[in-house]
Each structure stands twice: as structure tokens, then as C-alpha cells.
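Look at the model, then follow each label back to its cut-off.

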Amino acid sequence: MWIPLFDELADPRVVSRLAASAEEAGWDGFFVWDQLWWRPPISAVADPWITLTAVAVATERLRIGPMVTPVARRRPVKLLRETTTLDVLSVGRLTLGVGLGGDRFAGEFSRSGDEVDDRVRAEKLDECLEILTAGWSGETVDHHGKHYLVDSVRFEPRPVAGRIPIWGAGFPGKLKPIRRAARYDGYFPVNLTSSEEVASAVAAVAAERGSLDGFEVVIALPPSTDPRPHATAGATWCLTDFDPSDLRLADVQAVITDGPTR
């Protein structure tokens, strides 16, 4: 499940109950959008980290996480603390979805004084990922970069499994997001339209990594769409994608109750 935290779903109590229902119905993961606001007629929006905390407490098995968080608008050391604490709370079930984000959807960067230049946000993203992975290691972090400073700090506790899986998002065909994702644990090519595009994305990552062992390829499909052709093309996770323009709690609950297509 992949849930926009909008309007009827802007209440962490409601979302945590949905997650518990999803776990009972046999779903494998429960991921949420990370937005500050959205376009009208959407008015209410929830914070992903507080919502995921409620989800972690309400579930025992589901893999959870933001999908995706625009890392450049977050302080790396604060994100390091948040991710580790949530991973400990969920007993190692957190996956961190990361990307550049985009200003064109709701003006989140331009209307809040955040960086609007994609190249600068990409630099910040890469630096932040270096800090996160270094901090999760339990070793002392000394990072003196172009955008961030961490001066001889050790971060404890560590994540449950020693580090948190990172899935990198990007538009298919763009090489830099593919190279970034290939350095970590998964690739989420957004806005795919066919299983052929999935196969192309899988081939591009494989060319960068040399092997896809232990690597996830993530796709998003509308409810009731058969994911099996995409799985044949190499996808390993399918996110059930809801259109925020007509998002209804009852519809989400119905999809959860029906269970995942395998």
C-alpha cells in the first residue's frame, strides 16, 4: 500500500488502523507520501514521520517508510535520528525512500524558501546519504562537505540490522538517479507506463551494479492492476497507487480488504 496522507487520511489514528488492517489482509508493506501541502481541493495533510510512528506501533510485520522523502529539505543529522529511532521502534522494518522531490506539484520549495535548483538538491541528497550511512554505522562521523558539516559525532543507537535500506527514486531514462539508486538497495522508477519500461530500468541498474542480488526494483500501479507482467520484467515490489484527486477512505479500506494480487 502507498498512501497519500491527505484529507480523510490526514489523521495518524486512521492511517494506523488501515495499516493494521493491511497486515491482517496479507499485505507486505505500507508506505506513505511525504508532502508539506498539496493542490486544491486537498486541504488537510499529515506529517509522514509522526504517522509512520503510529503505524509502527500498530503493526508487527509490515515494511514501512516514506516513499519518497525529498531529502534536500531536511537536516541530515535530524533525519539520521528520526530514521534510526523509527527503525528501532519498528524492530528493523523501516525502508527509506529518497528523491529530489519537485516544485511543480504544489510549489513546496519555492513557497517555503527551500532550494528549487534540481542540481543543488541532488548535491544535497548525495551528501545527506553519505552522512546517513556513516551515522548508521556507529562510527564517528566527520563530514565537511559543500552543503553540510558534521564534526566528529557518533550516533547511537544503530539501526536494528546495522543500516536502513535506501530506495532511490527517479524518472526512467535519467542516468544520475539510476547511478544513485544502484549504490544502495533499491530503485523506484516513477511514472512507468509499461512492463517494457520496467525491463529497461532493470537492465540499466544491472549495468551499473553488475548484479541485482539483494536489490529491489519498485513500481507503482493503480488498484486492481495485475502486477505479474511487471514482476516478469524484473520488478520485486509493487506499490498500490491512489489518485489524490479522488482519494476516499472507504476506497482505500476496500482495496486493503481485498488483499494484494500476487
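Q: What kind of unit do E8, helix H5 (residues 175-182) and E9 make?
A: They make a right-handed β-α-β unit. Right-handed means that, with the strands pointing away from the viewer, the path from the first strand over the helix to the second runs clockwise. Helices (H or I, at least four residues) and strands (E, at least two) are DSSP runs, numbered from the N terminus. This is a predicted model, in which local features need pLDDT of at least 70 and side-chain atom pairs count only at pLDDT 80 or more, while totals for chains, interfaces and linings use all residues. Residues are numbered from 1 along each chain as its sequence is written, and side-chain values use heavy atoms, with hydrogens and water left out.

Q: What makes E8 and strand E9 (residues 186-189) a pair?
A: Two strands pair if DSSP finds at least two bridges between them. E8 and E9 have four bridges, in the parallel sense, so they pair.

Q: Which strand pairs with E8 over three bridges?
A: Strand E5 (residues 96-99) does, in the parallel sense. Ile 166 in E8 is the bridge partner of Leu 96.

Q: Why are strand E4 (69-70) and strand E11 (237-240) called edge strands?
A: The open sheet of six strands runs E4-E5-E8-E9-E10-E11, with parallel pairing. E4 and E11 each pair on one side only.

Q: Why is E8 described as largely enclosed by the rest of the structure?
A: Buried means under 20% relative accessible area; exposed is over 50%, and partly exposed lies in between (1.4 Å probe, protein chains only). Five of the five residues of E8 are buried, so the description holds. Ile 166, Gly 168 and Gly 170 point one way, Trp 167 and Ala 169 the other.

Q: How do you know that Thr 95 is buried?
A: Its relative accessible area is 0%, so Thr 95 is buried. Thr 95 lies in the loop between helix H3 (76-89) and E5. Its contacts (heavy atoms within 4.5 Å) include Phe 31, Arg 63 and Trp 167, not counting residues up to four places away in sequence.

Q: What makes the approach of Thr 95 and Arg 63 a polar contact?
A: A polar contact is a pair of N or O atoms within 3.5 Å; within protein, one must be able to donate a hydrogen and the other to accept it, and residues adjacent in sequence count only if both atoms are side-chain atoms. The side chains of Thr 95 and Arg 63 are joined at 3.0 Å, so the distance passes.

Q: Why is the pair of Phe 31 and Trp 167 called tilted?
A: Rings of Phe, Tyr and Trp (its six-membered ring) pair if their centres lie within 6.5 Å; planes under 30 degrees apart count as stacked, over 60 as edge-to-face and the rest as tilted. Here the centres are 5.6 Å apart and the planes at 40°, so the pair is tilted. Both residues are buried.

Q: Why is the pair of Trp 33 and Trp 38 edge-to-face?
A: Their planes stand at 75°, with centres 5.6 Å apart, so the label is edge-to-face. Both belong to a cluster of linked ring pairs that includes Trp 2 and Phe 188.
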